Amino acid sequence: MTLWQEIYNLGIVPLIGKVSPAEAGDLARALAQGGLTAAAITLSGEKDVQQARAMAGAVNGFKVFAYAVNDAESARRAVEAGVCGVFTQSADEAVLQPLAQAGVECLPVPSVVKFAKLADYFSCGRVAACLCPDLETQELLGKSYFDAVVRRTRQAVSAMLGFDLRHVGINQPDAESSARTAGEFESLFGFTRTDRGGAYFAGEVVEVMKKKFYGEHGHIAVATNDAGRAAYFLQKQGAVFNWQSAGYEPDGSLRVVYLAKEIGGFAVHILQRP
């Protein structure tokens, strides 16, 4: 996986403010506990270099990026800080050459999206990763500062993935039973019955299979803004997928995949939101 692909999967890179080097490790741990194992920082002085080093060393695999590296001095600091990549718009050799020599990857500057607008941004579907400048803010400072960072990070990840219930699947032994069951939902609740090949649907909320399918009782479909990004995050939390069940879009992006483990007798799959 390339660095840019990993940034895409993360979706959100917090653009963090200044904390003391002593607090930097706790900030990295708070972000990671909330689900984001990366941060970007503007390296405007030597204390920022120390902060970047402390954050990278606090959590295994935590990635620190330098933001707005557009002159030779900030490039020097990025190399000194040992960042894994820089966000820059510069084409100046005095900036790019020392970074290349140190093996620091130069990346285009992502969109900057404020915390309150994350849900709107990611509701567009498979969108590029963004920088979030106010996930961690000075207004949160206080006794519960890092608890607040954990909470806001989790809220940001939730807004990004946009999980919600799409439909419930019911297993039936044959097409006749499937049609009859979907018809009952139509007559009771007005959910229009439609034949979609392997199943009858009642509206968009009930899928009645024409044969025994995944799950002892059936299955539950959970829609998401980006199925590939959602799978990445769920796997980081320890989820295991049945990749033989995966379906893909014509462009190769993930459309659907089932979890390997049933929940309450139901198979569960994530599904790309149209």
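The model is a predicted one, so to speak of local features a pLDDT of at least 70 is needed, side-chain atom pairs count only at pLDDT 80 or more, and totals for chains, interfaces and linings use all residues. Residues are numbered from 1 along each chain as its sequence is written, and side-chain values use heavy atoms, with hydrogens and water left out.

Taken as a whole, the chain holds nine helices and 15 strands; here helices (H or I, at least four residues) and strands (E, at least two) are DSSP runs, numbered from the N terminus. Along its principal axes, the C-alpha trace spans about 75 × 45 × 30 Å. Of the 274 residues, 49% are buried, where buried is under 20% relative accessible area, exposed is over 50%, and partly exposed lies in between (1.4 Å probe, protein chains only). The chain exposes about 13,200 Å², with carbon and sulfur atoms supplying 53% of it; areas come from the Shrake-Rupley method with a 1.4 Å probe, and for residues only the protein chains shown count as cover. Among contacts (heavy atoms within 4.5 Å) with a separation of 6 or more, 60% come from residues 24 or more positions apart.

One of the sheets is open and has four strands in the order β2-β3-β4-β5, with parallel pairing; two strands pair if DSSP finds at least two bridges between them. The edges belong to β2 (38-41) and β5 (105-107), each with a single partner strand, so one side of each is left without a neighbour in the sheet. Neighbouring strands here are turned by 30° against each other on average, direction ignored. Angles of this kind run from 0 to 180 degrees between N-to-C directions, and axes are lines fitted to C-alpha atoms, for helices over the stretch in contact. Inside this sheet, β3 (residues 63-67) and β4 (residues 85-87) run parallel and are joined by three bridges, and Phe65 has Gly85 of β4 as its bridge partner.

Next comes a helix pair. The axes of α4 (residues 72-81) and α5 (residues 93-101) come within 8 Å and cross at roughly 10°. That makes α4 roughly parallel to α5, on a scale where angles under 35 degrees count as roughly parallel, over 145 as roughly antiparallel, 65 to 115 as roughly perpendicular and the rest as oblique. On the α4 side the contact is made by Ala72, Ala75, Ala78 and Val79, and α5 brings in Ala94, Val95, Pro98 and Leu99. These residues divide into eight nonpolar, no polar and no charged; Ala, Val, Leu, Ile, Met, Phe, Trp, Tyr, Cys and Pro count as nonpolar, Asp, Glu, Lys and Arg as charged, and the others, Gly among them, as polar.

The other sheet described here is also open, with eight strands in the order β9-β10-β11-β8-β12-β15-β14-β13 and mixed pairing. Its edge strands, β9 (193-195) and β13 (241-248), each pair on one side only. On average, neighbouring strands in this sheet are turned by 25° against each other, direction ignored.

Six of its seven residues are buried, so β15 is largely enclosed by the rest of the structure. With β12 (residues 218-224), β15 (residues 266-272) pairs in the parallel sense over seven bridges: Ile220 has Val268 as its bridge partner, and Val222 stands opposite Ile270. With β14 (residues 254-259), the pairing is antiparallel, over three bridges, and Val256 has Leu271 of β15 as its bridge partner. The β14-β15 hairpin has six residues between the strands, and there Gly264 takes a positive phi near 60°.

Two further residues round out this region. Gly247 sits in β13 and is buried, with a relative accessible area of 11%. Setting aside neighbours within four places in sequence, Gly247 is in contact with Leu254, Arg255 and Val256. Gly247 and Leu271 are 24 residues apart in sequence and 9.4 Å apart in space, C-alpha to C-alpha. Pro274, in the segment after β15, counts as exposed at 84% relative accessibility. Pro274 and Gly125 lie 149 residues apart in sequence, yet 8.0 Å apart in space, C-alpha to C-alpha.
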